[in-house]
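Visitor: I'm new to this one. Could you show me how to read it, feature by feature?

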Amino acid sequence: MMIFAVAHAEERPKALLYTSPQCGCCEKYAAYLRRNGFDVTVKPTHDLASISRKAGVPADLEGCHTMFVDDYVVDGHVPVDVVRRLLSERPPIAGISLPGMPTGSPGMSGTKTGPFVIYALPKDGSDPTIYAKE
């Protein structure tokens, strides 16, 4: 009698990335996520700010794209290891954000000049806190 073991590939996290149609770095961020094991669908939109706000991202913490993965929002050029940490820890927050378009962040050109500060976005609308410094 032969017994066969079936190896199951680890499932790739599915992500929906809303981007500005004029933004080239958003496609670079999507490619970065794909290289790091994410299954990314990109949806261009002219209503990015509204999507971010509805997801709980304050205007001053918005990035240039908004991603939904599992039950979380991930706004901006957040490094993949921080996204994986979020999905692993599963904290009771709306999501995380790396505001703006920091030089040297994933998908952005240039050299990183200091730590990236990634904020935790509470579900209750209270003040964001620092989730990670990368």
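Guide: Happy to. Let's begin with a term: two strands count as paired if DSSP finds at least two bridges between them. Keep in mind that this is a predicted model.

Visitor: Which residue stands opposite Ser 97?

Guide: That's Tyr 119, which sits in S6. Zooming out, strand S5 (residues 95–98) and S6 pair over three bridges, in the antiparallel sense.

Visitor: What holds paired strands together, in general?

Guide: Strands of a sheet pair through backbone hydrogen bonds, and they can do that either parallel or antiparallel. Here the pairing is mixed: seven strands make an open sheet, and the order is S2-S1-S3-S4-S5-S6-S7.

Visitor: Which are the edge strands?

Guide: Strand S2 (39–44) and strand S7 (129–133), as each of them pairs on one side only. From one strand to the next, the twist averages 25°.

Visitor: Which strands does H1 touch as it packs on the sheet?

Guide: H1 touches strand S1 (14–19), S2, strand S3 (65–69) and strand S4 (72–76), and its direction makes about 165° with that of S2. Helix H3 (residues 80–89) lies across S3, S4, S5, S6 and S7, and runs at about 120° to S7.

Visitor: Where does pLDDT stay under 50?

Guide: Over residues 1–8, where the model has zero contacts beyond four places in sequence. For the chain, the average pLDDT is 90, and 93% of the residues score at least 70. Going by elements, confidence is lowest in helix H1 (residues 24–35), with a mean of 92, and highest in strand S6 (residues 117–121), at 98.

Notes:
Residues are numbered from 1 along each chain as its sequence is written. This is a predicted model: local features need pLDDT of at least 70, side-chain atom pairs count only at pLDDT 80 or more; totals for chains, interfaces and linings use all residues. Side-chain values use heavy atoms; hydrogens and water are left out. pLDDT is the predictor's confidence in each residue, from 0 to 100. Helices (H or I, at least four residues) and strands (E, at least two) are DSSP runs, numbered from the N terminus. Contact means heavy atoms within 4.5 Å. Axes are lines fitted to C-alpha atoms, for helices over the stretch in contact, and angles run from 0 to 180 degrees between N-to-C directions.
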